[in-house]
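Please read this explanation alongside the sequence and the model.

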Amino acid sequence: QKSLKRFFCKHTEHKEMIPKTSFTSPMHPLLQKQDSLYLEAIELLQKILFPALADFGDAIVGGSYVYKLLSYADIDIDIVSDTVSDQTYNELCNKILSLEEVVEFKTLNRADRPVTSPRPKGYWLSPKIQFGNNVWNIDIWFQKPEWYTGNTLLYKDALQAISDEKRIVIL
């Protein structure tokens with residue numbers, strides 16, 4: 001069975017690193033699954049999520065997507081904006097609910113609560129989106145700059161540099 005060999009090119013609109021693929025040598029099934037999920041995530045971000053979120057602030061994608069360690073369909077996004085308020089939160093909820101691909105939706109206002117757990121201060125939105133071959137779990141934190149922790153990017157440098165052998169162990 002042929003597999004993906006990773007090459008990257010710069011995507012200009014969203015500044016994402018997008019793999020170009022060529023089929024050469026066999027690849028471990030966990031890496032195949034990760035690469036398949038990653039390619040589908042890129043498409044979901046570009047076609048649905050980035051356009052829907054563009055008016056609400058800077059969308060920062062983190063977590064397993066950035067680490068290229070997707071073992072299931074899950075994307076973490078922080079939206080950071082000076083305009084965060086109950087009103088813009090309601091507008092963001094309405095925008096996400098208007099997407100035809102949304103099959104489930106949860107949200108929680110943590111903006112008025114003291115931060116007592118690893119969860120950040122802000123508004124949490126969690127749509128499930130049917131896209132491609134998966135139902136994607138999306139975790140969105142809508143935050144003011146002073147609330148933003150960057151925790152979804154905490155291990156970015158270390159995990160992006162690991163070998164495929166270590167990636168397989170983690171997956």
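A residue is called buried when its relative accessible area is under 20%, and exposed when that area is over 50%. The model discussed here is predicted.

By that cut-off, helix α3 has the buried residues Thr88, Tyr89, Leu92, Cys93 and Ile96. Viewed down the axis of α3, the buried residues fall within an arc of 145°, so they line one face of the helix. The face turned away from this buried side carries Gln87 and Asn94, which are exposed. Covering the buried residues of α3 are, among others, helix α1 (29-53) and the strands β4 (74-80), β5 (102-109), β6 (123-131) and β7 (134-143).

Next come the aromatic rings. The structure holds four aromatic pairs. In one of them, Tyr89 and Tyr123, the ring centres are 4.3 Å apart and the planes are at 25°, so this pair is stacked. Because Tyr89 lies in helix α3 and Tyr123 in strand β6, the pair ties together parts that are 34 residues apart in sequence. Both Tyr89 and Tyr123 are buried.

Tyr123 also pairs with Phe142: their ring centres are 6.3 Å apart and their planes are at 45°, so this pair is tilted. Tyr123 belongs to strand β6 and Phe142 to strand β7, so the pair ties together parts that are 19 residues apart in sequence. Phe142 is buried, as is Tyr123. Together with Phe56, the residues Tyr89, Tyr123 and Phe142 form one aromatic cluster.

Methods. Residues are numbered from 1 along each chain as its sequence is written. This is a predicted model: local features need pLDDT of at least 70, side-chain atom pairs count only at pLDDT 80 or more; totals for chains, interfaces and linings use all residues. Side-chain values use heavy atoms; hydrogens and water are left out. Buried means under 20% relative accessible area, exposed over 50%, partly exposed in between (1.4 Å probe, protein chains only). Helices (H or I, at least four residues) and strands (E, at least two) are DSSP runs, numbered from the N terminus. The arc is that of the directions from the helix axis to the C-beta atoms. Contact means heavy atoms within 4.5 Å. Rings of Phe, Tyr and Trp (its six-membered ring) pair if their centres lie within 6.5 Å; planes under 30 degrees apart count as stacked, over 60 as edge-to-face and the rest as tilted.
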